[in-house]
Amino acid sequence: MNASRRALSGPRYAVLTAGGLIAFFAIWYFAAWARLAPPQFLPMPHQVLATLLRLMESPFSGYTLQEHMLASLQRFGMGFGLAALIGIPLGLMMGWFRLLDQIVSPLFNGLRFVPPIAWVPFAALWFGTGIGGPVLIIFTGAFPPCLINAYRGARYVDTYLIEAARTLGIGNFRIIAQVLFPAALPSIIAGLRISAGLGWMSLIGAELIVASSGIGYLLVKGQSAIDASIVMAGMFSIGVVGLAIDIILRLAEKMLARHK
Amino acid sequence: MTMKIRRLNQRTIVGALTLLSVCLLWWAATTTGLVSPMRFPTPAETLDSFNQITFEGYGNATLYVHVLHSVKLVLIGFFIAVGLGIPLGLAMGYSPSVEAFVNPAFLLLRPIPPLAWIPLAIVWLGLGDASKVLVIFVGAFVPSVINSYTGARNISVQLVEASAMLGIGRWAFITEVLIPESLPMIFTGLRLSLQAAWTTLVAGELIGAAYGLGHILSQATLDIYISMIVVAMITVAVLGGLMTYLLGLIETRLMPWRKG
């Protein structure tokens, strides 16, 4: 806590927060009511809500909102899972075997500056409109934090632990699995949270370009129909699901901290 | 000391050897036909494409014009975002009232990934530069707010009390304590903002643009001109790395005490 901040009483905080929320919607309503832009471009908040409910009942560009979301979540699960399955063990091994670190690091640092979305052309060329394209892009987005955090976690493990394990004569791979992995777990989970966020964003980017289903595709279709309420309803559901993924991982983080 | 130098040398040598063997592998795999030329280009083709775009031009312009256009858009969006985001973040960290008022709107918008704004930006502003700047702004704004907020919140109590005891005014507190003390976190935010700006720019240009690196990517995809895709990806990576490097230089210049 910071002393420069005069403590704010509970009611005052609540009033200001409510005021902020009301101001946000009031400005939005006013802008739409004053026709600063035609309703097609700037719908009122309750119209977006109505569109959201309509999209959940009747299919738009092939599927209902839930079906689009399910397709997106499947791709996300595959890309994110693959990134974690490869990134975490590789990061741990790089933290243990110095030569592997020296070999992988320059490659990794070179590729890291290619934004995931720049893989879209290759995703399209290699996989067409199949599921591989979006999965590749999610993977490139989600992979770096998995690797970096596992690596850092493994590097900062207490040397006493490693020396003790050494004294007991444990082999390299058992040290990685039974000493480095548990000790690096908090860092790994923190990495998973970052990588889920980046993966989710990359998924949306991928679906804007190479997909014929999914929530990103729904946005594109809403855009070409010049219907901002569809786009906003889609953005809202993307935000909610992204938030839900983050909350799940945060719960895992908390459970782990309690377990320790 | 000598140990450190030797290790550093080993790191550089192994790194150089790795990059060399990757280049050799690339050359061998593509020229022997192990990897189909429809899947990945040979180094020679890539070099040819680089020459073509540098001297003759590709996708409406030469590489120089594309790069200039992309960098210009990124810098415009980036500077508007951090110009508004840093003061807002610092104000939220300094004053609980500002935080209470702004937080609801911020929390509502924050989970929406920047790339999900692209369709809305296109509906609102069309396919021109303005929609790209809007999306870059959205991407770069959030990290700069969050990190300057965290920086301002974590100033040590002793420092605040000491400055209060010395009786410095509000303005002096802001310029002499708040900003310098938050600077490390502000720079963390700047780096994340820059990365987000670069990613969103490439995505925005991929979806529709007349110039820019993303436009080269999408044009080359349409033409199934894979060596040009590789040229564009390398350019994106090099520029992204270069901008991050420049930001790091400014950081050490502004905060020499944090060196090393």
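User: Let's start with Ile224(B): is that residue buried or exposed?
Analyst: Ile224(B) is exposed, because 12 other C-beta atoms lie within 10 Å. The cut-offs are 20 or more other C-beta atoms within 10 Å for buried, 12 or fewer for exposed and partly exposed in between, with C-beta atoms placed from the backbone. Before we go on, this is a predicted model, where local features need pLDDT of at least 70, side-chain atom pairs count only at pLDDT 80 or more, and totals for chains, interfaces and linings use all residues. Residues are numbered from 1 along each chain as its sequence is written, while chains are lettered from A and ligands numbered from 1 in the order in which they are written.

User: Thanks! Where is Ile224(B) found?
Analyst: In the loop between α9 and α10 of chain B. Helices here are DSSP runs (H or I, at least four residues; strands are E, at least two), numbered from the N terminus. Ile224(B) also has a positive phi of about 45°, although it is not a glycine.

User: And what is phi of Ser61(A) near?
Analyst: Near 45°, again a positive value in a residue other than glycine. Ser61(A) sits in the loop between α2 (45–57) and α3 (65–96) of chain A. Ser61(A) counts as partly exposed because it has 15 C-beta neighbours inside 10 Å.

User: What about the largest nonpolar core, how many residues has it?
Analyst: It has 130 residues, and those with the most contacts inside it are Val120(A), Ile136(B), Ile229(B) and Ala232(B). A core of this kind is a set of buried Ala, Val, Leu, Ile, Met, Phe, Trp, Tyr and Cys residues joined through C-beta atoms within 7 Å. Helix α8 (residues 172–209) of chain A supplies the largest share of this core, 15 residues.

User: Ok, and which residues does Ile136(B) touch?
Analyst: Leaving out residues up to four places away in sequence, Ile136(B) touches several, including Leu73(B), Phe78(B), Ala197(B) and Leu201(B).

User: Now α6(A). Where does its kink lie?
Analyst: At Ala142(A), shortly before the proline Pro144(A), with an angle of about 35°. The bend at a residue is the angle between axes fitted to the seven residues ending there and the seven starting there. As for cover, 20 of the 24 residues in α6(A) are buried.

User: Last one: is Gly79(A) buried or exposed?
Analyst: Gly79(A) is buried, because 29 other C-beta atoms lie within 10 Å. Gly79(A) is found in helix α3 of chain A. Gly79(A) and Gly141(A) are 62 residues apart in sequence and 8.9 Å apart in space, C-alpha to C-alpha.

How values were computed
Contact = placed C-beta atoms within 7 Å.
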